[in-house]
Amino acid sequence: MNILLTGGTGLIGSALVKKWQQQHQLQVLSRTPQKVQALFGPDVTAVANVADVDFNQLDAVVNLAGEPIVGKRWTAQQKQRLCHSRWDLTAQLVNAINTASTPPGILISGSAIGFYGAQQQQLISEDFNDSTNEFSHQLCQRWEEIAGAVKSPTRLCILRTGIVLAKTGGALQKMLPPFKLGLGGRIGTGQQYMSWIHIDDMVALIDFLLQHPTLQGVFNATAPHPVTNTEFSQTLAQLLHRPALLPMPAVVLQCLLGEAADLLLTGQRVLPTNATKAGFSFQYDKLQPALAELLN
Ligand SMILES: NC(=O)c1ccc[n+]([C@@H]2O[C@H](COP(=O)([O-])OP(=O)(O)OC[C@H]3O[C@@H](n4cnc5c(N)ncnc54)[C@H](OP(=O)(O)O)[C@@H]3O)[C@@H](O)[C@H]2O)c1
(Lines give C-alpha, C1' and ligand atoms only; values in the text may rest on other atoms or scores of the structure.)
Protein backbone atom coordinates (compact mmCIF):
# COMPACT_ATOMS: atom_id res chain seq x y z
CA MET A 1 0.00 0.00 0.00
CA ASN A 2 0.96 3.63 -0.45
CA ILE A 3 0.65 5.33 2.94
CA LEU A 4 1.12 8.92 4.10
CA LEU A 5 1.99 9.44 7.77
CA THR A 6 2.06 12.67 9.72
CA GLY A 7 3.88 12.50 13.06
CA GLY A 8 5.92 9.65 11.57
CA THR A 9 9.02 10.87 13.39
CA GLY A 10 7.28 10.72 16.80
CA LEU A 11 6.97 7.99 19.41
CA ILE A 12 4.09 6.09 17.84
CA GLY A 13 4.80 7.11 14.25
CA SER A 14 8.41 5.94 14.23
CA ALA A 15 7.45 2.54 15.67
CA LEU A 16 4.79 2.29 12.96
CA VAL A 17 7.25 3.23 10.21
CA LYS A 18 9.64 0.54 11.45
CA LYS A 19 6.86 -2.06 11.25
CA TRP A 20 5.59 -0.96 7.83
CA GLN A 21 8.83 0.06 6.16
CA GLN A 22 9.40 -3.29 4.46
CA GLN A 23 5.72 -3.95 3.59
CA HIS A 24 4.42 -0.62 2.29
CA GLN A 25 5.48 2.48 0.40
CA LEU A 26 5.68 5.21 3.01
CA GLN A 27 5.69 8.98 2.81
CA VAL A 28 6.29 10.86 6.05
CA LEU A 29 5.18 14.46 6.29
CA SER A 30 7.54 16.32 8.59
CA ARG A 31 8.54 19.89 9.45
CA THR A 32 12.12 18.58 9.17
CA PRO A 33 12.33 16.20 6.19
CA GLN A 34 16.05 15.52 6.86
CA LYS A 35 15.00 13.94 10.17
CA VAL A 36 12.90 11.42 8.23
CA GLN A 37 15.88 10.31 6.12
CA ALA A 38 18.16 10.21 9.15
CA LEU A 39 15.70 8.02 11.06
CA PHE A 40 14.50 5.67 8.35
CA GLY A 41 16.92 5.88 5.41
CA PRO A 42 16.14 6.22 1.72
CA ASP A 43 13.22 3.70 1.59
CA VAL A 44 10.88 6.23 3.20
CA THR A 45 9.98 9.40 1.29
CA ALA A 46 10.07 12.64 3.25
CA VAL A 47 7.59 15.39 2.38
CA ALA A 48 7.42 18.89 3.78
CA ASN A 49 3.93 19.99 2.70
CA VAL A 50 0.52 18.47 2.15
CA ALA A 51 0.53 20.13 -1.28
CA ASP A 52 3.54 17.99 -2.29
CA VAL A 53 1.52 14.76 -1.93
CA ASP A 54 -0.60 13.23 -4.68
CA PHE A 55 -3.66 12.04 -2.75
CA ASN A 56 -4.94 10.16 -5.81
CA GLN A 57 -2.05 7.74 -5.36
CA LEU A 58 -2.58 7.07 -1.65
CA ASP A 59 -4.27 4.04 -0.10
CA ALA A 60 -4.15 5.30 3.48
CA VAL A 61 -3.39 8.35 5.61
CA VAL A 62 -2.30 8.08 9.24
CA ASN A 63 -2.42 11.40 11.04
CA LEU A 64 -0.52 11.59 14.34
CA ALA A 65 1.28 14.96 14.26
CA GLY A 66 0.91 17.52 17.00
CA GLU A 67 2.80 19.66 19.48
CA PRO A 68 3.65 17.45 22.52
CA ILE A 69 0.94 17.70 25.19
CA VAL A 70 3.26 17.41 28.17
CA GLY A 71 6.52 19.24 28.73
CA LYS A 72 5.49 22.88 28.59
CA ARG A 73 3.09 24.89 30.77
CA TRP A 74 -0.29 25.36 29.15
CA THR A 75 -0.12 29.12 28.68
CA ALA A 76 -2.75 30.63 26.37
CA GLN A 77 -0.12 30.65 23.61
CA GLN A 78 0.89 27.02 24.21
CA LYS A 79 -2.78 25.96 24.14
CA GLN A 80 -3.09 27.60 20.74
CA ARG A 81 -0.03 25.68 19.57
CA LEU A 82 -1.38 22.39 20.93
CA CYS A 83 -4.68 22.91 19.15
CA HIS A 84 -3.62 24.41 15.85
CA SER A 85 -0.71 22.00 15.26
CA ARG A 86 -3.40 19.28 15.16
CA TRP A 87 -6.51 21.02 13.83
CA ASP A 88 -4.91 22.88 10.92
CA LEU A 89 -2.98 19.93 9.51
CA THR A 90 -5.99 17.65 9.90
CA ALA A 91 -8.15 20.16 8.02
CA GLN A 92 -5.58 20.27 5.20
CA LEU A 93 -5.51 16.48 4.98
CA VAL A 94 -9.30 16.19 4.97
CA ASN A 95 -9.56 18.82 2.26
CA ALA A 96 -6.95 17.03 0.11
CA ILE A 97 -8.71 13.68 0.59
CA ASN A 98 -12.16 15.09 -0.16
CA THR A 99 -10.99 16.78 -3.35
CA ALA A 100 -9.03 13.79 -4.70
CA SER A 101 -10.63 11.97 -7.63
CA THR A 102 -9.44 8.59 -6.31
CA PRO A 103 -9.18 9.26 -2.58
CA PRO A 104 -7.39 6.96 -0.11
CA GLY A 105 -9.50 4.20 1.41
CA ILE A 106 -8.84 5.11 5.03
CA LEU A 107 -7.93 8.03 7.27
CA ILE A 108 -6.66 6.97 10.70
CA SER A 109 -6.56 10.12 12.79
CA GLY A 110 -5.32 10.79 16.29
CA SER A 111 -7.17 11.83 19.39
CA ALA A 112 -6.68 11.00 23.07
CA ILE A 113 -8.58 9.67 26.06
CA GLY A 114 -8.39 13.24 27.31
CA PHE A 115 -11.49 13.53 25.10
CA TYR A 116 -13.49 12.17 28.07
CA GLY A 117 -12.20 14.84 30.47
CA ALA A 118 -11.54 14.08 34.13
CA GLN A 119 -13.53 11.04 35.19
CA GLN A 120 -13.39 9.09 38.43
CA GLN A 121 -13.94 5.35 38.74
CA GLN A 122 -16.46 5.27 35.90
CA LEU A 123 -15.73 2.64 33.22
CA ILE A 124 -15.59 4.36 29.85
CA SER A 125 -16.25 2.85 26.43
CA GLU A 126 -16.32 4.76 23.16
CA ASP A 127 -20.05 5.52 23.48
CA PHE A 128 -19.60 7.34 26.83
CA ASN A 129 -21.34 10.68 26.38
CA ASP A 130 -20.77 12.54 29.62
CA SER A 131 -17.35 14.06 28.91
CA THR A 132 -16.36 17.02 31.04
CA ASN A 133 -15.47 20.19 29.23
CA GLU A 134 -11.86 20.91 30.15
CA PHE A 135 -9.09 21.84 27.72
CA SER A 136 -8.17 18.25 26.76
CA HIS A 137 -11.80 17.60 25.81
CA GLN A 138 -12.06 20.78 23.75
CA LEU A 139 -8.81 20.00 21.92
CA CYS A 140 -9.79 16.40 21.10
CA GLN A 141 -13.44 17.09 20.37
CA ARG A 142 -12.58 19.67 17.71
CA TRP A 143 -9.73 17.49 16.35
CA GLU A 144 -12.17 14.61 15.87
CA GLU A 145 -14.80 16.90 14.41
CA ILE A 146 -12.37 18.19 11.76
CA ALA A 147 -11.32 14.64 10.85
CA GLY A 148 -15.03 13.75 10.81
CA ALA A 149 -15.55 15.93 7.75
CA VAL A 150 -13.80 13.31 5.60
CA LYS A 151 -16.24 11.99 3.03
CA SER A 152 -17.14 8.48 1.94
CA PRO A 153 -15.63 6.32 0.41
CA THR A 154 -12.73 7.13 2.74
CA ARG A 155 -13.42 5.40 6.03
CA LEU A 156 -12.40 7.23 9.19
CA CYS A 157 -10.87 5.55 12.26
CA ILE A 158 -10.23 7.79 15.25
CA LEU A 159 -7.69 6.65 17.84
CA ARG A 160 -8.51 7.83 21.37
CA THR A 161 -5.06 6.96 22.65
CA GLY A 162 -4.15 6.37 26.29
CA ILE A 163 -0.72 6.59 27.90
CA VAL A 164 1.65 4.90 25.47
CA LEU A 165 4.35 2.91 27.26
CA ALA A 166 7.56 2.47 25.29
CA LYS A 167 11.25 1.75 25.78
CA THR A 168 12.31 5.05 24.29
CA GLY A 169 10.40 8.25 24.96
CA GLY A 170 6.89 8.82 26.23
CA ALA A 171 5.51 8.84 29.77
CA LEU A 172 7.42 5.83 31.11
CA GLN A 173 10.80 7.34 30.30
CA LYS A 174 9.78 10.52 32.15
CA MET A 175 8.73 8.50 35.20
CA LEU A 176 11.75 6.23 35.38
CA PRO A 177 14.51 8.50 36.81
CA PRO A 178 12.86 9.17 40.20
CA PHE A 179 11.63 5.58 40.46
CA LYS A 180 15.12 4.22 39.74
CA LEU A 181 16.47 6.39 42.57
CA GLY A 182 13.80 5.05 44.94
CA LEU A 183 12.14 8.48 44.94
CA GLY A 184 8.97 7.49 43.11
CA GLY A 185 5.48 7.21 44.48
CA ARG A 186 1.85 7.84 43.80
CA ILE A 187 0.71 11.19 42.43
CA GLY A 188 -1.90 13.10 44.44
CA THR A 189 -4.40 10.65 45.94
CA GLY A 190 -3.22 7.84 43.64
CA GLN A 191 -6.87 6.88 43.07
CA GLN A 192 -6.99 8.36 39.55
CA TYR A 193 -6.94 5.80 36.76
CA MET A 194 -4.18 5.42 34.22
CA SER A 195 -5.34 3.90 30.95
CA TRP A 196 -2.13 2.74 29.32
CA ILE A 197 -1.15 0.81 26.17
CA HIS A 198 2.09 -0.96 25.24
CA ILE A 199 3.68 0.56 22.10
CA ASP A 200 3.61 -2.82 20.32
CA ASP A 201 -0.17 -3.03 20.81
CA MET A 202 -0.58 0.58 19.68
CA VAL A 203 1.21 -0.22 16.43
CA ALA A 204 -0.62 -3.53 16.05
CA LEU A 205 -4.00 -1.80 16.54
CA ILE A 206 -3.28 0.77 13.83
CA ASP A 207 -2.19 -2.04 11.52
CA PHE A 208 -5.37 -3.98 12.39
CA LEU A 209 -7.55 -0.99 11.47
CA LEU A 210 -5.72 -0.66 8.17
CA GLN A 211 -6.18 -4.35 7.39
CA HIS A 212 -9.92 -4.59 8.22
CA PRO A 213 -11.88 -2.69 5.56
CA THR A 214 -15.19 -2.82 7.43
CA LEU A 215 -13.91 -1.02 10.53
CA GLN A 216 -14.57 2.64 11.12
CA GLY A 217 -15.43 5.00 13.96
CA VAL A 218 -13.81 5.68 17.30
CA PHE A 219 -11.40 3.23 18.93
CA ASN A 220 -10.06 3.60 22.44
CA ALA A 221 -6.39 2.70 22.11
CA THR A 222 -5.89 1.49 25.66
CA ALA A 223 -5.16 -1.92 27.20
CA PRO A 224 -8.16 -3.80 28.64
CA HIS A 225 -6.92 -3.42 32.25
CA PRO A 226 -6.42 0.21 33.28
CA VAL A 227 -4.93 0.65 36.76
CA THR A 228 -4.98 3.28 39.46
CA ASN A 229 -1.96 5.52 39.75
CA THR A 230 -1.12 3.82 43.06
CA GLU A 231 -1.13 0.39 41.39
CA PHE A 232 0.96 1.71 38.51
CA SER A 233 3.53 3.23 40.89
CA GLN A 234 3.74 0.08 43.00
CA THR A 235 4.10 -2.20 39.98
CA LEU A 236 6.85 -0.04 38.50
CA ALA A 237 8.72 0.19 41.82
CA GLN A 238 8.49 -3.57 42.41
CA LEU A 239 9.91 -4.32 38.97
CA LEU A 240 12.78 -1.93 39.66
CA HIS A 241 13.28 -3.42 43.17
CA ARG A 242 12.83 0.01 44.69
CA PRO A 243 10.37 1.42 47.24
CA ALA A 244 7.48 3.64 46.09
CA LEU A 245 7.06 5.57 49.29
CA LEU A 246 7.32 9.21 48.28
CA PRO A 247 3.98 10.55 47.09
CA MET A 248 3.99 13.61 44.85
CA PRO A 249 1.49 16.01 46.47
CA ALA A 250 -1.06 17.55 44.11
CA VAL A 251 -0.16 21.08 45.14
CA VAL A 252 3.52 20.61 44.21
CA LEU A 253 2.61 19.28 40.80
CA GLN A 254 0.18 22.15 40.25
CA CYS A 255 2.96 24.64 41.06
CA LEU A 256 5.34 22.88 38.66
CA LEU A 257 2.99 22.29 35.74
CA GLY A 258 0.00 24.59 36.19
CA GLU A 259 -3.18 23.35 34.49
CA ALA A 260 -1.27 20.54 32.73
CA ALA A 261 -0.93 18.87 36.16
CA ASP A 262 -4.57 17.82 35.74
CA LEU A 263 -3.42 15.21 33.22
CA LEU A 264 -1.58 13.42 36.02
CA LEU A 265 -3.90 14.22 38.93
CA THR A 266 -7.10 13.13 37.23
CA GLY A 267 -7.68 10.27 34.87
CA GLN A 268 -10.04 8.06 32.97
CA ARG A 269 -10.78 4.35 33.36
CA VAL A 270 -11.05 3.50 29.69
CA LEU A 271 -11.88 0.21 28.00
CA PRO A 272 -11.00 -0.69 24.39
CA THR A 273 -14.52 -1.93 23.73
CA ASN A 274 -14.62 -1.35 19.97
CA ALA A 275 -11.20 -2.86 19.29
CA THR A 276 -12.04 -5.94 21.36
CA LYS A 277 -15.45 -6.32 19.68
CA ALA A 278 -13.72 -6.13 16.29
CA GLY A 279 -11.53 -9.08 17.29
CA PHE A 280 -8.31 -7.25 18.13
CA SER A 281 -6.34 -9.09 20.78
CA PHE A 282 -3.82 -7.33 22.96
CA GLN A 283 -0.40 -8.87 23.39
CA TYR A 284 -0.06 -6.95 26.67
CA ASP A 285 -3.41 -6.72 28.41
CA LYS A 286 -2.05 -6.46 31.99
CA LEU A 287 0.38 -3.86 33.27
CA GLN A 288 2.94 -6.07 35.00
CA PRO A 289 4.05 -8.07 31.94
CA ALA A 290 3.93 -4.94 29.78
CA LEU A 291 6.25 -3.04 32.10
CA ALA A 292 8.46 -6.09 32.63
CA GLU A 293 9.00 -6.36 28.87
CA LEU A 294 9.75 -2.65 28.52
CA LEU A 295 12.19 -2.58 31.43
CA ASN A 296 14.00 -5.70 30.29
N1 LIG B 1 2.27 9.10 23.33
C2 LIG B 1 1.17 9.10 24.09
O3 LIG B 1 1.18 8.63 25.24
C4 LIG B 1 -0.12 9.69 23.53
C5 LIG B 1 -1.27 9.63 24.32
C6 LIG B 1 -2.45 10.16 23.83
C7 LIG B 1 -2.48 10.75 22.57
N8 LIG B 1 -1.35 10.79 21.84
C9 LIG B 1 -1.44 11.49 20.52
O10 LIG B 1 -0.98 10.67 19.49
C11 LIG B 1 -0.22 11.44 18.54
C12 LIG B 1 1.13 10.78 18.38
O13 LIG B 1 1.73 10.67 19.65
P14 LIG B 1 3.32 10.59 19.83
O15 LIG B 1 3.58 10.35 21.28
O16 LIG B 1 3.88 9.67 18.84
O17 LIG B 1 3.72 12.09 19.49
P18 LIG B 1 5.17 12.74 19.46
O19 LIG B 1 6.25 11.74 19.74
O20 LIG B 1 5.11 13.94 20.35
O21 LIG B 1 5.35 13.11 17.93
C22 LIG B 1 4.40 13.79 17.20
C23 LIG B 1 5.03 14.38 15.95
O24 LIG B 1 4.30 15.57 15.67
C25 LIG B 1 5.12 16.52 15.04
N26 LIG B 1 5.01 17.78 15.77
C27 LIG B 1 5.49 18.09 16.99
N28 LIG B 1 5.20 19.37 17.31
C29 LIG B 1 4.54 19.87 16.24
C30 LIG B 1 4.00 21.14 15.94
N31 LIG B 1 4.09 22.17 16.80
N32 LIG B 1 3.38 21.30 14.74
C33 LIG B 1 3.28 20.28 13.87
N34 LIG B 1 3.79 19.05 14.08
C35 LIG B 1 4.41 18.86 15.26
C36 LIG B 1 6.55 16.01 15.10
O37 LIG B 1 6.90 15.62 13.75
P38 LIG B 1 7.97 16.45 12.88
O39 LIG B 1 8.95 17.03 13.83
O40 LIG B 1 8.57 15.38 12.01
O41 LIG B 1 7.20 17.46 12.13
C42 LIG B 1 6.48 14.80 16.01
O43 LIG B 1 7.33 13.76 15.61
C44 LIG B 1 -0.09 12.85 19.12
O45 LIG B 1 -0.95 13.73 18.44
C46 LIG B 1 -0.51 12.72 20.56
O47 LIG B 1 -1.18 13.85 21.06
C48 LIG B 1 -0.16 10.28 22.27
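In which helix is Arg86 found? Arg86 belongs to helix 3, which covers residues 76–99. Residues are numbered from 1 along each chain as its sequence is written, and side-chain values use heavy atoms, with hydrogens and water left out. The model is a predicted one, in which local features need pLDDT of at least 70 and side-chain atom pairs count only at pLDDT 80 or more, whereas totals for chains, interfaces and linings use all residues.

The overall form may be described before the details. The protein contains 11 helices and 13 strands; these are DSSP runs, numbered from the N terminus, with helices being H or I of at least four residues and strands being E of at least two. A compact globule of 296 residues would have a radius of gyration near 19 Å, and the value for the protein, 19 Å, agrees with this. That radius is taken over C-alpha atoms, and the globule rule is 2.2 Å times the number of residues to the power 0.38. The C-alpha trace spans about 60 × 40 × 40 Å along its principal axes.

Of the 296 residues, 51% are buried. Buried means under 20% relative accessible area, exposed means over 50%, and partly exposed lies in between, for a 1.4 Å probe and protein chains only. Where residues at least 6 apart in sequence are in contact (heavy atoms within 4.5 Å), 76% of these contacts join residues at least 24 apart.

Arg86 itself counts as buried, at 8% relative accessibility. Apart from its neighbours within four places in sequence, Arg86 is in contact with Ala65, Gly66, Glu67, Ile69, Leu139 and Trp143. Ser109 lies 23 residues from Arg86 along the chain, and the C-alpha atoms of the two are separated by 10.0 Å.

Another buried residue is Gly13, with a relative accessible area of 1%. Gly13 is found in helix 1, residues 11–20. Beyond its neighbours within four places in sequence, Gly13 is in contact with Leu5, Gly7, Gly8 and Leu64. The C-alpha atoms of Gly13 and Pro178 are 27 Å from each other, and these residues are 165 apart along the chain.

In the loop between helix 4 (135–147) and strand 7 (155–161) is Pro153, and the peptide bond from Ser152 to Pro153 is cis, with omega near 15 degrees. His241 is found in the loop between helix 7 and helix 8 (250–257). Although His241 is not a glycine, its phi is positive, at about 55 degrees. His241 is exposed, with a relative accessible area of 70%.

Helix 7, which His241 follows, has as its buried residues Asn229, Thr230, Phe232, Ser233, Thr235, Leu236 and Ala237. Their cover includes strand 8, helix 5, strand 9 (193–194), strand 12 and helix 11.

Helix 11 (residues 287–295) has Leu287, Ala290, Leu291 and Leu294 as its buried residues. These residues lie on the same side of helix 11, because they cover an arc of only 90 degrees around the axis; the arc is that of the directions from the helix axis to the C-beta atoms. Among the elements that cover the buried residues of helix 11 are strand 8 (163–165), helix 5 (170–180), strand 10 (196–198), strand 12 (227–228) and helix 7 (229–239).
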